[in-house]
Amino acid sequence: MDETIVLVLLVLVMLVGSYVAGSIPLNVSMSEDKLQKVTVFGAGLLVGTALAVIIPEGVRALFSERVPLVTKDYTPEPAGHSDLHSVIGISLVLGFVFMLLVDQLSSRYNDASNPTEKNITATVGLVVHAAADGIALGAAATTSHADVELIVFLAIMLHKAPAAFGLVTFLMHAGLDRNRIRKHLLIFSCAAPLLALLTYFGIGNESKQTLSDFNATGIAMLFSAGTFLYVATVHVLPELTHSHSHTHALLPMQEGVAPKMGYGGLQLCEVLILAIGAMLPVILTMGHEH
C-alpha cells in the first residue's frame with residue numbers, strides 16, 4: 001500500500017509542477033539562457049536514467065521472472081534466456097521507433113496551412129511524449145525500488161518542465177487566448193500522471209501472475225528506455241545544438257522568427273551540465289542493491 005501512496009504523491013507533484021512550469025511564461029518572463037541550461041541538464045539526466053537505471057532495472061525484472069522456472073531443470077535455461085535477450089532488444093527498439101513515428105506524424109501535421117491545426121497537433125505530440133514518460137514512472141513504481149522510482153521521476157520532471165514552458169510560449173506566440181492555453185497546458189500536465197497510474201495498476205501483482213512468460217514491468221521499462229533515448233538524443237540535443245526559437249522540437253517554427261545563425265554547438269559549461277546530468281543517475285544508483 002505504501003508504494004501506491006508514494007506513486008500517487010509523485011503523480012500529484014508532477015501534475016502541479018508541470019502546470020506551474022507551464023504557467024511561468026503567462027506570468028513572468030524567464031531568460032532563454034536559463035531555460036536552455038535546465039533543458040541541457042534534463043537531456044543529460046534522460047540519457048543517464050535510460051542507460052544506467054531503466055535498462056538495467058528492466059533487464060533485471062525480465063530475468064528475475066524466469067529464475068524459478070529455470071532452477072528446477074537446467075536444460076531449458078539457454079532457450080529461455082535467448083528468448084529474453086531478443087525481448088530486451090525488441091522492447092528498446094519499439095520504444096525508439098514509437099517516438100520516431102509520433103515525431104514524424106506531428107511534424108507532417110505541423111506543416112498544415114491551418115494555424116489552429118498547428119496548435120492542436122503541437123499539443124497532441126507533446127501529450128503523447130508525456131504519456132510515454134508516464135509509462136516509465138508507472139513501470140518503475142512496480143519494481144518496488146524507491147530510489148529507481150525517484151530517479152525516473154526526477155528525469156521526467158526536468159524534461160517535462162521545459163516542454164510545458166516551450167508549449168505555452170509557442171501557443172502565446174500563436175496568439176491563443178489565455179484560457180485556451182491553460183486548457184492545452186492542463187491536458188499536457190495530466191497525460192503523464194494518468195498513464196503512470198494506469199501502468200502501475202495495469203501491470204500490478206494480479207496481472208504479473210497471468211503474464212508468466214514475460215514480466216510486463218521489464219517490457220514496459222525497456223520500452224520507456226527506448227522513448228527516453230529518442231527524446232534525449234534525437235529530440236532535445238539536436239534542438240539545443242542547432243538552436244531555433246523554442247525549446248522543443250515537436251513545436252513548429254514560429255512565423256516571422258528567424259532561426260539563430262552561427263556555430264550551433266553546446267558551450268563548455270553546457271557540455272559539463274550535460275555530463276553531470278548523465279552521470280547523476282549512475283552516482284545515485286551506485287549503492288543500489290539488487
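Is Glu 57 buried or exposed? At 2% relative accessibility, Glu 57 counts as buried. The views below are taken from a predicted model.

**View 1. The salt bridge between Arg 60 and Glu 57.** The side chains of Arg 60 and Glu 57 meet in a salt bridge, with 3.3 Å from N to O. Both residues belong to helix H2 (residues 32-72), where they stand three residues apart, about one turn of the helix. Arg 60 has 25% relative accessibility and therefore counts as partly exposed, since that class lies between 20% and 50%. Glu 57, at 2%, counts as buried because its value is under 20%. The count of salt bridges comes to one. Side chains of opposite charge can pair when their charged atoms come close.

**View 2. A nonpolar patch on the surface.** The patch is formed by Val 93, Val 97, Leu 101, Leu 105 and Tyr 109. Together these residues have about 480 Å² of accessible area. One of them, Leu 101, is placed in helix H3 (residues 77-110).

**View 3. Confidence along the chain.** The protein has a mean pLDDT of 77, and 76% of its residues reach 70 or more.

**View 4. Residues 209-213.** Here pLDDT stays under 50. The model has five contacts for these residues beyond four places in sequence. Where pLDDT is low, the predicted coordinates should not be read in detail.

Notes. Residues numbered from 1 in each chain as written. Predicted model: local features only at pLDDT ≥ 70, side-chain atom pairs only at ≥ 80, totals over all residues. Heavy atoms only, no water. Patch = residues over 30% accessible without salt bridge, like charges linked within 9 Å, V, L, I, M, F, W, Y side chains within 5 Å. Areas by Shrake-Rupley, 256 points an atom, 1.4 Å probe, with all protein chains shown as cover. Salt bridge = Lys/Arg side-chain N within 4 Å of Asp/Glu carboxyl O. Helix = DSSP H or I, 4+ residues; strand = E, 2+ residues; numbered from the N terminus. Buried < 20%, exposed > 50% of the residue type's maximum accessible area, 1.4 Å probe, protein only. pLDDT = per-residue confidence, 0-100. Contact = heavy atoms within 4.5 Å.
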